[in-house]
Amino acid sequence: VEGFEHVPLEGPFVLAPNHSSHVDTAVIFAALPRELRRRVLAAAAKDYFFDNGPRQFFTRLLFNTIPVPRDRVASGDPLRHVVRALREGYGVLLFPEGTRSQSGELGPFRSGIGRLADEFPDVPIIPVWVEGSARVLPKKTALPIPRPARVTVRFGAPLERAPAARGDKTSWRAVASRLREAVMQLRPRGGRR
């Protein structure tokens, strides 16, 4: 674990990591001190993790997951649970790519992270790089059996951001792009996930 000093021990914050494996959430939670884990919620894809079955039960139990719809057809505000969590002072783990990487390369970040930056200008957004998790549990593994591998979690300094016009979707995309670059800066030189 590197850069943990960038994670606030009090108040709301957003952890914004790359995403290449289903073990990313567990690895990030393991990198946090136990006291902090209790007040961090993990945003999870509603269509995958909230099927009213065992997967939903275990993700809620282990990681305090909250649903985030990935499709634009969903009714209501897709970030409503995240917004509520931040208002209540929780930390939120949110994967801005919206899905795991297919290639090992960092995908584009969705503009929702920019919306959160707009709506919560005083809430730190912490870029995070997770290295090695795809070796533990690769995407599209036939049997989801974790393999031993060295994994690194690198927390970066909170994203610096300029005030944006309220509700300006262009600025949301710009924030998402700057955050993506900040996450890329945490990647080891010549490294792959």
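Me: A salt bridge is a side-chain nitrogen of Lys or Arg within 4 Å of a carboxyl oxygen of Asp or Glu. How many salt bridges does the structure hold?

Reply: The structure holds 7 of them. Do keep in mind that this is a predicted model, in which local features need pLDDT of at least 70 and side-chain atom pairs count only at pLDDT 80 or more, while totals for chains, interfaces and linings use all residues. Residues are numbered from 1 along each chain as its sequence is written, and side-chain values use heavy atoms, leaving out hydrogens and water.

Me: What makes Glu2 and Arg154 a salt bridge?

Reply: Their closest N and O atoms are 2.7 Å apart, which is within the cut-off, so the pair qualifies. This pair links distant parts of the chain, 152 residues apart: Glu2 sits in the segment before strand E1 (13–17) and Arg154 in strand E6 (residues 152–155). Strands (E, at least two residues) and helices (H or I, at least four) are DSSP runs, numbered from the N terminus.

Me: Why is Glu2 called partly exposed?

Reply: Buried means under 20% relative accessible area, exposed over 50%, and partly exposed in between (1.4 Å probe, protein chains only). Glu2 has 37%, so it falls in between.

Me: And why does Arg115 count as buried?

Reply: Its relative accessibility is 14%, which is under the limit, so Arg115 is buried.

Me: How do you know that Arg115 and Glu119 form a salt bridge?

Reply: The N to O distance is 3.3 Å, so it meets the definition. Both residues lie in helix H6 (residues 112–119), 4 residues apart, about one turn of the helix. An α-helix has 3.6 residues a turn, so residues three or four places apart point the same way. Arg115 and Glu119 also belong to a salt-bridge network with Asp77 and Arg87.

Me: What makes Glu181 and Arg180 a salt bridge?

Reply: Their N to O distance is 3.7 Å, so this pair passes as well. Glu181, at 41%, is partly exposed, and so is Arg180, at 22%.

Me: Why is helix H1 called mostly covered?

Reply: In H1 (residues 24–31), 6 of the 8 residues are buried; among them are Val27, Ile28 and Phe29.

Me: Which residues is Pro12 in contact with, beyond its neighbours within four places in sequence?

Reply: They are Leu86, Gly89, Tyr90, Val123 and Pro124, where contact means heavy atoms within 4.5 Å. Pro12 lies in the segment before E1, and its relative accessibility of 23% makes it partly exposed.
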